[in-house]
Amino acid sequence: MQSYEIDKGDVHVQSEQRQQGERSKASLVRMLLLVSAVSTTEFCYAVELSFVTPLLLQIGLPDRYATLMWSLSPLLSLLWQTPLGHASDNCKCSWGRRRPFILAFACIAAIGLGLVPNGKILGLLLGDSETHHPRAIALTVAGLVLMDTCLDSMLSPLRAFLFDNTDTEDHDVGNTLFTMSAGVGGILGFAVSAIEWKSWVWKS
């Protein structure tokens with residue numbers, strides 16, 4: 001009888017350990033899904049850093065202004081990050097507090113991403129000449145500001161969304177995964193930017 005009780009206790013302990021392992025695995029998978037969005041954000045950042053300045057110089061923006069364009073989005077982020085965080089914390093949308101802001105920033109960043117590489121083409125359609133591209137410069141800079149500001153602003157609700165949907169004891173692991181996911185996105189973005197796409201497409 002005593003041996004039976006010990007075996008029963010061992011089975012109970014093993015069952016609890018198995019359940020805890022399954023919960024930990026489910027929690028890890030859930031956190032990986034929650035942090036996956038930051039990979040795309042950092043991917044876009046890396047591609048943006050690689051291509052925007054050469055594009056601006058190519059369409060005729062003077063060198064001394066090319067780097068100044070990058071200061072616009074940090075300035076805007078500095079001005080509206082605090083009101084944005086307050087608005088997100090008090091959002092009553094049925095989607096939740098963070099999703100509406102994440103979706104809005106993603107859509108605006110996508111518009112900026114479309115403007116940056118196509119600014120010259122759109123400028124020509126709007127009246128630019130082959131040698132003078134004021135409209136193309138304006139559209140490309142607008143795309144840069146939209147994309148960079150929204151990508152920057154999206155990081156705060158993404159991190160808050162992670163913390164809102166995980167237990168307190170999982171926050172340290174979630175924060176680590178968030179940072180690792182951002183690093184993976186950046187690595188992939190710079191790797192993609194290093195590919196000679198014209199020669200690759202021509203060969204294929």
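Predicted model: local features only at pLDDT ≥ 70, side-chain atom pairs only at ≥ 80, totals over all residues.
The cysteine sulfur nearest to that of Cys-93 belongs to Cys-91, at 5.1 Å, and Cys-93 takes part in no disulfide.

Under the distance rule, the disulfide count is zero.

## Overall fold

The secondary structure consists of seven helices and zero strands. Along the sequence the order is α-α-α-α-α-α-α.

The protein has 204 residues, of which 32% are buried. Of the contacts between residues at least 6 apart in sequence, 73% link residues at least 24 apart.

## Helix α3

Helix α3 covers residues 72–89 and includes Leu-75. Ser-73 is also located in α3. Is Ser-73 buried or exposed? With a relative accessible area of 3%, Ser-73 is buried, because buried means under 20%. Leaving aside residues up to four places away in sequence, Ser-73 is in contact with Val-145, Asp-148 and Thr-149.

Leu-75 has a relative accessible area of 47% and is partly exposed. The value lies between the 20% limit for buried and the 50% limit for exposed, so the intermediate class applies. Leu-75 belongs to a nonpolar surface patch together with Leu-76, Leu-78, Leu-79 and Trp-80. The accessible area of these residues together is about 530 Å². Patch members need over 30% relative accessible area, and Leu-75, at 47%, is therefore above that cut-off.

## Helix α6

Helix α6 runs over residues 171–193, a total of 23 residues. The distance from its first C-alpha to its last is 33 Å, close to the 33 Å expected at 1.5 Å a residue.

Which residues of α6 are buried? They are Gly-174, Leu-177, Phe-178, Ser-181, Ala-182, Gly-185, Gly-186, Gly-189 and Ser-193. Glycines in this set include Gly-185 and Gly-186, while the serines include Ser-181 and Ser-193.

Technical notes:
Residues numbered from 1 in each chain as written. Heavy atoms only, no water. Patch = residues over 30% accessible without salt bridge, like charges linked within 9 Å, V, L, I, M, F, W, Y side chains within 5 Å. Areas by Shrake-Rupley, 256 points an atom, 1.4 Å probe, with all protein chains shown as cover. Salt bridge = Lys/Arg side-chain N within 4 Å of Asp/Glu carboxyl O. Helix = DSSP H or I, 4+ residues; strand = E, 2+ residues; numbered from the N terminus. Buried < 20%, exposed > 50% of the residue type's maximum accessible area, 1.4 Å probe, protein only. Expected span 1.5 Å × (residues − 1). Contact = heavy atoms within 4.5 Å. Disulfide = S-S within 2.5 Å.
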